[in-house]
Amino acid sequence: MTVGFSGDVAEYYAKFRRGYPPQALDALQTAFALNTDDIVLDLGCGTGQLAVPLASRVRSVIGMDPEPDMLRLAREAAVRQDVQNATWILGADTDVPALGELMGQRSLAMAVIGQALHWMQHETLFRALSPLFRSGGGVAVLSNGTPLWLQDSDWSRSLRGFLEHHFDTKLEASCGTAARDRLRYAQALESAGFEGVREVVIEYSDELSFDQLIGGIYSAVPADELPGADDRPAFAEGIRQSLPPDQQFIEDVRVSMLVAQIR
């Protein structure tokens, strides 16, 4: 059920994974004409970066994730922000048909999948989702920037070199953010009967502190490979020494939303 986002990794995820800009939420609301009668599913909801802010725009949000620790932290985030119309369900993409049975006569206005589709069987998932929407509803597949170690900057290339050496692996997976991934998802949506498939893009730049950089890395390391608490200072210092000196960690963030509807 899980993909390694448990324990301390989930805690780092909640603290350091960036949220989505308000413009992205506005674009989703416009695309699906969301209103306060609507139900939205956040599949692979993580620690609530999408589900929690979406809740104020609709009747209710269902946050669904296969990792109990992620759901616990999402629930805590909702409580802190006084969000009372979110329901948290332990489940994966393969559980979507069962969710449809539980909803009965109710329909979804939107299913959002934020930076998580690369863990799922997307073709099967899109077919399972298609009968669950009201007219004009549909799917939004979001990516929230390129992984820290795959960006076009000196610091990112240096970071990738350190991580590849430390973990003895090649870091090439784009986590669904590459153009080839977006094209593959768009074609699968069309094959599953969705219409008007289009991409909405929001771009901005942000500066990361070193702590944010390290926290972002820890949020992406599988739990069984995360350095132990006693080893993390040395790991962080190794990264610091590998990076270009006196360089700002500027991240060019590209938020991509693949939007597709059922008529």
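Residues are numbered from 1 along each chain as its sequence is written, and side-chain values use heavy atoms, with hydrogens and water left out. Because the model is predicted, local features need pLDDT of at least 70 and side-chain atom pairs count only at pLDDT 80 or more, while totals for chains, interfaces and linings use all residues.

Q: In what order do the 7 strands of the open sheet stand?
A: Strands (E, at least two residues) and helices (H or I, at least four) are DSSP runs, numbered from the N terminus. Two strands pair if DSSP finds at least two bridges between them. The pairing in this open sheet is mixed, and the order is S3-S2-S1-S4-S5-S7-S6.

Q: Which strands stand at the edges, each with a single partner strand?
A: A strand with a single partner has one side left without a neighbour in the sheet, so it stands at an edge. This applies to strand S3 (86-90) and strand S6 (195-208).

Q: By how many degrees are neighbouring strands of the sheet turned against each other on average?
A: Axes are lines fitted to C-alpha atoms, for helices over the stretch in contact, and angles run from 0 to 180 degrees between N-to-C directions. For the average over neighbouring strands, direction is ignored. The value is 20 degrees.

Q: Which residue is the bridge partner of valine 40 in S4?
A: Strand S1 (residues 39-43) pairs with strand S2 (residues 60-65) in the parallel sense over 5 bridges, and valine 40 stands opposite valine 61 in S2. S1 and S4 also run parallel, joined by 3 bridges. In S4, the partner of valine 40 is methionine 110.

Q: How many of the residues of S4 are buried?
A: Buried means under 20% relative accessible area, exposed over 50%, and partly exposed in between (1.4 Å probe, protein chains only). S4 pairs with S5 in the parallel sense over 6 bridges, and alanine 111 has valine 139 in S5 as its bridge partner. S4 is mostly covered, the buried count being 7 of its 7 residues.

Q: What angle does the direction of helix H8 make with that of S7?
A: Contact means heavy atoms within 4.5 Å. Helix H5 (residues 96-103) packs on the sheet, touching S1, S2, S3 and S4, and its direction makes about 150 degrees with that of S2. Helix H8 (residues 179-191) also packs on the sheet and touches S5, S6 and S7. The direction of H8 makes an angle with that of S7 of about 15 degrees.

Q: How many nonpolar, polar and charged residues does the contact of H9 with H10 have?
A: Helix H9 (residues 210-218) and helix H10 (residues 232-242) pack at an angle of about 115 degrees, with their axes 11 Å apart. Phe210, Ile214, Ile217 and Tyr218 of H9 meet Arg232, Phe235, Ala236, Ile239 and Arg240 of H10. Ala, Val, Leu, Ile, Met, Phe, Trp, Tyr, Cys and Pro count as nonpolar, Asp, Glu, Lys and Arg as charged, and the others, Gly among them, as polar. By class, the contact has 7 nonpolar, no polar and 2 charged residues.

Q: Is aspartate 82 buried or exposed?
A: Aspartate 82 lies in the loop between helix H4 (68-80) and S3. Its phi is near 55 degrees, a positive value in a residue other than glycine. At 56% relative accessibility, aspartate 82 counts as exposed.

Q: Which residues does serine 174 contact, leaving aside neighbours within four places in sequence?
A: Serine 174 lies in the loop between H7 and H8. With a relative accessible area of 10%, serine 174 is buried. Its contacts are Pro147, Leu150, Arg180 and Asp181.
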